[in-house]
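Take a moment with the sequence and the fold before reading on.

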Amino acid sequence: IEGGIDSSHSNFLHASVDAFRVTDAHLERVKNSANLRAKYHLLDKSPRFTVKKTDYGLVIAVRRNAEEDTYYWRLTQFLLPSHTMIPYQKGLSIHGHCWVPRDDETCWVWTMSWNPEAPLSEEEWKAIREETFVHAHVDPVTFRPLRNQDNNYLIDRDQQRSASMTGIHGFASQDQAIQESMGRVVDRTRERLGTSDTAIIAMRRLLLQEIRALQQQQEPFAAHHGDIYWVRSASMVLNRNVPFDEGARQLTGAEV
């Protein structure tokens with residue numbers, strides 16, 4: 001879940017070598033791209049986090065500098081207790097994850113992609129089939145990802161030298177490698193959280209509050225108000241004097 005609400009790691013974990021080195025050729029290509037995420041992530045690698053508590057969980061707003069009078073905003077939704085929604089660009093598909101505990105040390109991860117306005121495009125289906133974004137191929141019996149710790153995530157050292165920062169194919173497998181490298185149980189007392197961990201801090205506090213409330217026989221508000229989950233993630237460019245929640249209001253409300 002913490003990886004799903006952290007909008008800063010993509011600047012390095014999911015970066016190409018050209019993007020990380022900011023080569024002239026890559027910079028020129030991205031500046032003319034219609035992909036806002038690629039463009040503004042390259043131009044501003046130090047995002048600012050704002051987290052707001054909601055009835056359904058948290059909305060995590062991440063701000064990057066765009067043009068002189070605008071900001072690029074990415075809004076991630078954390079829906080209690082276990083769903084995350086990746087910021088999406090209007091007209092494209094939305095992606096999300098659901099993290100379901102199996103036991104004290106492992107969990108299932110469900111990955112969803114959908115477009116509220118149209119069927120998935122052939123390009124989006126290709127990304128799913130070829131595992132270039134958030135989906136990963138799994139064993140049809142065990143559902144364990146085919147790229148895993150036992151085979152070193154099929155890392156390609158030549159690709160790591162020339163194209164990819166990790167040499168691991170696909171965002172999903174890159175995330176998995178980092179998550180599993182932490183070990184099954186992490187010693188949180190050794191952490192040194194910083195400003196880019198603002199959303200993670202807020203999410204942990206919220207979950208602890210809900211756990212303590214449930215111990216006192218107080219059920220979560222969301223348990224009896226399913227309609228509050230009718231929300232979407234969003235990304236957009238806004239004038240610098242427009243608050244993100246005001247500018248994104250139409251984008252973040254899902255149609256019932």
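Leaving aside its neighbours within four places in sequence, which residues is Thr76 in contact with? They are Gly4, Ile5, Ser7, Leu58, Val59, Ile60, Met85 and Pro87, where contact means heavy atoms within 4.5 Å. Thr76 sits in strand β3. Its relative accessibility is 1%, so Thr76 counts as buried. Buried means under 20% relative accessible area, with a 1.4 Å probe and protein chains only.

A word on the model. This is a predicted model, in which local features need pLDDT of at least 70 and side-chain atom pairs count only at pLDDT 80 or more, while totals for chains, interfaces and linings use all residues. Residues are numbered from 1 along each chain as its sequence is written, and side-chain values use heavy atoms, with hydrogens and water left out.

Now step back to the whole chain. Its secondary structure comes to nine helices and seven strands. These are DSSP runs numbered from the N terminus: helices are H or I with at least four residues, strands are E with at least two. The radius of gyration is 19 Å, close to the 18 Å of the globule rule for 256 residues, so the chain is as compact as a globular protein of that length. That radius is taken over C-alpha atoms, and the rule is 2.2 Å times the number of residues to the power 0.38. Of the 256 residues, 38% count as buried. Take the contacts between residues at least 6 apart in sequence: 52% of them join residues at least 24 apart.

Next, the interior. In soluble globular proteins, nonpolar side chains tend to be buried together. Here the largest nonpolar core has 19 residues. Such a core is a set of buried Ala, Val, Leu, Ile, Met, Phe, Trp, Tyr and Cys residues joined through side-chain atoms within 4.5 Å. Tyr56, Trp73, Leu75 and Met236 have the most contacts inside it. Strands β2 (57–65), β3 (70–79) and β7 (234–239) each supply at least two of its residues. β3 gives the most, with four.

Beyond its neighbours within four places in sequence, Met236 is in contact with Tyr71, Tyr72, Trp73, Leu75, Phe244, Ala248 and Leu251. A second, separate core has eleven residues, including Phe49, Val62, Ala199 and Met203.

Finish at helix α6, residues 171–181. Its buried residues are Phe171, Ala172, Ser173, Gln174, Gln176 and Ala177. Gly183 follows α6, with a positive phi near 95 degrees.

Terms used. Buried < 20%, exposed > 50% of the residue type's maximum accessible area, 1.4 Å probe, protein only.
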